[in-house]
Amino acid sequence: MEPARSIGKLGFRRWYERQLVESHAWLVTCFLCMLGVAASLEGFSFRAPGLGPIVTLVFVFAAGCVGWYGWGRYRALMEQAERIGDQSTCGACGLYGRFKVESEAPLLRVCCRKCGNSWTIE
């Protein structure tokens with residue numbers, strides 16, 4: 001489980017912040033790719049001389065693929081961060097995001113730094 005190692009190394013709050021930054025970088029990538037596709041198709045013409053139309057279509061296809069992948073990564077990272085973030089509050093003392101990782105496999109077992117309460121994050 002990759003998030004467990006990252007959370008254990010960085011701490012939950014830094015891990016969560018990095019997840020949000022990375023996911024929004026993928027969202028920006030997706031947005032820029034879609035702008036590139038729209039701009040390329042705006043001036044596209046099969047009547048243009050030479051390899052111009054083929055190069056434009058290859059660019060549109062590549063940008064579309066990268067944009068689609070970026071959207072998928074954005075959604076996956078945000079869903080993972082939300083799922084783990086929703087379970088990061090200590091049930092005993094109510095402290096959010098202040099825990100240490102006890103074990104990683106198969107589920108993330110954590111312990112509150114304030115009161116010592118243990119729980120499992122799925």
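This is a short chat about a predicted model of a protein chain.

User: Hi! What kind of model is this, and how are the residues numbered?

Analyst: Residues are numbered from 1 along each chain as its sequence is written. The model is predicted, so local features need pLDDT of at least 70, side-chain atom pairs count only at pLDDT 80 or more, and totals for chains, interfaces and linings use all residues, while side-chain values use heavy atoms, with hydrogens and water left out.

User: Thanks. How many helices and strands are there, and in what order do the elements run?

Analyst: The protein chain has three helices and three strands, and from the N terminus the order is α-α-α-β-β-β. Here helices (H or I, at least four residues) and strands (E, at least two) are DSSP runs, numbered from the N terminus.

User: What is the radius of gyration of the protein chain, and what would a compact globule have?

Analyst: The protein chain has 22 Å, whereas a compact globule of 122 residues would have a value near 14 Å. That radius is taken over C-alpha atoms, and the globule rule is 2.2 Å times the number of residues to the power 0.38. Along its principal axes, the C-alpha trace spans about 70 × 25 × 20 Å.

User: And what share of the residues counts as buried?

Analyst: Of the 122 residues, 29% are buried. Buried means under 20% relative accessible area, exposed over 50%, and partly exposed in between (1.4 Å probe, protein chains only).

User: Let's move to α1. Which residues are buried there?

Analyst: Helix α1 covers residues 2-10, and P3, A4, S6 and I7 are buried in it. They sit on the same side of α1 because they cover an arc of only 165° around the axis; the arc is that of the directions from the helix axis to the C-beta atoms. On the other side of α1, R5, G8 and K9 are exposed.

User: What covers those buried residues?

Analyst: The cover includes α2 (12-42), α3 (52-86), β1 (99-103) and β2 (108-112).

User: And what happens just after α1?

Analyst: G11 takes a positive phi of about 95° there.

User: Switching to L77: where is it, and is it buried or exposed?

Analyst: L77 is in helix α3, and L77 counts as buried because its relative accessibility is 5%.

User: Which residues does L77 contact, leaving aside its neighbours within four places in sequence?

Analyst: L77 is in contact with Q19, E22, S23 and W26. Contact means heavy atoms within 4.5 Å.

User: How far is L77 from C30?

Analyst: They are 14 Å apart in space, C-alpha to C-alpha, and 47 residues apart in sequence.

User: Where does A48 lie, and how far is it from K114?

Analyst: A48 lies in the loop between α2 and α3. A48 counts as partly exposed because its relative accessibility is 32%.
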